[in-house]
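Dear colleague,

Please find the structure below, followed by an account of what was found in it. Kindly keep it open while you read.

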Amino acid sequence: MSEFGFANKLKRRILIVEDEEINREILGNMLSEHYDVSYAENGQAALDLLKEHKTGYSLILLDLLMPVMSGEEFLAKLKADERCSSIPVIVMTAEIPAEVRSIKLGADDFIPKPYDSPEVILARCERIIQLYEDKSIIRSAEKDELTELFTREFFQEYVRQIDSFDESASDDAVVLNIEHFHAINEMFGRRVGDEILKKMADMLMQTFGNGMCIGCRPGDDYFYLYVDHRDGYEAILTKLSEELSSYAHMPRIRIRAGVYQNVDKHMSVDDRFDHAKFACDGIRGDYTRQINFYSKELNDADLYHERLINDIDDAIAHQDLIVYYQPKYGIQSDRPVLRSAEALIRWKHPSLGMISPGDFIPLFESNGLIQKVDHYVWSQAAAQIRKWKDTLGFTLPVSVNVSRVDIYDPGLQDKLMKILSENDISSKELMLEITESAYADDAKGLTEVVDELRECGFKIEMDDFGTGYSSLHMITDIPIDVLKIDMGFIRKMHKDEKSLKLVELVMDIARFLKVPAVAEGVEDASQVETLKQMGCELIQGYYFSKPVPPEEFEQFIIAEKEGTK
Ligand code: C2E
Ligand code: CA
Ligand code: CA
């Protein structure tokens, strides 16, 4: 039993079914030091008890002659109940024929009356329990050879057994992973990798092993632990990471963990650890967090994301994705002049309602689906430019957002050119917004792509400028046509001096680069005034209009035409 690591904490439960009080007392005295003993006065009372704790008993000691329901009747009923039939039964009797009958009914052993010495009875109970537990779990290799932790199947079985000893205990399911373990394997070889896995297992057992704790390595560099509920995981994890790094002589090996606290014992063992693993994988690559706790909200968000991923093709096919337009006005003249617009996607989901891009763009950026969405938006925007030219006789350049994934698509240029020719518009009319952080990722690679696009005549706007931490040096090297200052600075511009200075600085940079600056997120007249004084060329924001559907946008074009007449 030592492999459980909970030998002292948990006693197996034995049920004594016996009508004579004196016999119950004798047996109880013999066993209660080693087992948690419950009593029933007859078969019916025993069945009632079992109903409450179906799998909680490791053994039943059964008298045969009892009122209300005899031992034989009870045994027949017990063995017919799927969920109790695996509890071993030792029959206590004085007559041989009854023994034979009860063995036929499924009893495992018998203890003759009057009772033998306590040692003999204890030994018989222990042997039967051991036999049963062994039988139920010897299906494949029990331990992972490398780490000596349980294999998945055994682990699950033990978790179930632990639950059955104490259903009310609060336990946590913990999943741990060594970040970038494959890289360690590749760089230092499998032998070093194996040593690290072994060390990790030892550390886990040492750290958690003073309470209830069983561990498993289901594969690769994942570790599962089933432990008493506790607090302070953050500190434990920091310590584990430090210890493992120093053991391996590698700087900063990072261990991340997902914890499903106070598990729902009605849930299957698999599901509990799926929850913990989901939390663990949710922070993969996120260096700001080592630990993630599973919660219903987390799960709901995941289901929601799955749903969006599933539905995006339909959304494109049924045109549930709608492109809105937000005007950009030139402010350096006497009156604001409509100069262009930004195309911004909206999703009108048939059952989830309107979904804002903040809810799905980052998701689709992370899994590459954004390419489909972007392509759709580019086509729609190009068609819209054409339509306004045809119906209103007005050429309005529109900016579209270009994601990181698009930039590294070798077919990007062809795709854009095809869209232009399909709608018979020029590359001057479809402008491309690329977020500054994409430049910071890979300035050289991006510069090449941008150079080619500019050669085709596209105008490139650097979006969210100020958030991507480009170096000044880099900015002077990178070819851009418009600098779009991030909304965050505009918002705070009149609240703190630093933001105001930063906006001024961006204006200086734009002047230095000889490109116009766009301020977005401009909401009130005082911001417009300040920006105008600073020499900001263009403004996009609620001050003029929110992003609106194309039909509504027409009013700006019409007003503009009237204004310029
Ligand atoms: P972004 O490209 O920086 O777009 C500007 C966002 O600021 C838009 O949010 C716009 O509605 C919002 N905004 C503009 N003026 C104001 C203002 O005065 N006050 C406030 N509070 N907000 C203002 P939206 O439409 O929710 O889009 C959010 C982000 O989603 C966009 O940020 C962009 O990164 C992304 N996105 C939207 N459409 C597309 C798309 O078609 N493709 C890609 N790749 N990304 C898109
Ligand atoms: Ca943008
Ligand atoms: Ca922006």
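Helix α6 (residues 152–165) lies across β6, β7 and β8 (222–228), where contact means heavy atoms within 4.5 Å. The helix runs at about 155 degrees to β7; axes are lines fitted to C-alpha atoms, for helices over the stretch in contact, and angles run from 0 to 180 degrees between N-to-C directions. Helices (H or I, at least four residues) and strands (E, at least two) are DSSP runs, numbered from the N terminus.

Two remarks on conventions are needed. This is a predicted model, in which local features need pLDDT of at least 70 and side-chain atom pairs count only at pLDDT 80 or more, while totals for chains, interfaces and linings use all residues. Residues are numbered from 1 along each chain as its sequence is written, chains are lettered from A and ligands numbered from 1 in the order in which they are written, and side-chain values use heavy atoms, with hydrogens and water left out.

With 14 residues, α6 reaches 20 Å from its first C-alpha to its last, close to the 20 Å expected at 1.5 Å a residue; the expected span is 1.5 Å times one less than the number of residues. The helix is mostly covered, since eleven of its 14 residues are buried. Here buried means under 20% relative accessible area, exposed over 50%, and partly exposed in between (1.4 Å probe, protein chains only). Among the buried residues of α6 are Phe154, Phe155, Tyr158, Val159, Ile162 and Phe165.

In which order do the strands of the open sheet of five strands stand? The order is β7-β8-β6-β9-β10, with mixed pairing; two strands pair if DSSP finds at least two bridges between them. β7 (213–219) and β10 (291–293) stand at the edges, each with a single partner strand, so one side of each has no neighbour in the sheet. From one strand to the next, the twist averages 20 degrees. Within this sheet, β6 (residues 171–178) and β9 (residues 255–260) pair in the antiparallel sense over six bridges, and Val175 stands opposite Gly258 in β9.

Strand β1 (residues 13–17) pairs with β3 in the parallel sense over four bridges, with Ile14 opposite Leu59. Four bridges also join β3 to strand β4 (residues 89–93), and these two run parallel; here Ile60 stands opposite Val89.

The two calcium ions

Which residues donate to the calcium ion (ligand 2)? They are Glu342 (OE), Asn401 (OD1), Glu433 (OE) and Asp463 (OD), lying 2.1 to 2.4 Å from the ion. Donors are N, O and S atoms within 2.8 Å of the metal (3.2 Å for Na, K and Ca), and water is not among the atoms, so sites may look incomplete. Glu433 in strand β15 (residues 430–435) and Asp463 in strand β16 (residues 460–465) are 30 residues apart, and the pair links distant parts of the chain.

The calcium ion (ligand 3) is coordinated by Asp463 (OD), Asp464 (OD) and Glu520 (OE), at 2.1 to 2.4 Å. In sequence, the donor residues of this ion are spaced D-D-x55-E. Asp463 bridges the two calcium ions, ligand 2 and ligand 3, which lie 4.1 Å apart.

Domains and backbone details

The domain assignment, automatic or from a database, gives domain 1 (2–142), domain 2 (152–294) and domain 3 (306–557). The centres of domain 1 and domain 3, taken over C-alpha atoms, are separated by 74 Å.

The peptide bond from Lys113 to Pro114 is cis, with omega near -10 degrees, and Pro114 lies in the loop between β5 (109–112) and α5 (118–137). Lys514, although not a glycine, has a positive phi of about 60 degrees. Lys514 is in the loop between α20 (497–513) and β18 (517–520), and counts as exposed at 74% relative accessibility.

Yours sincerely
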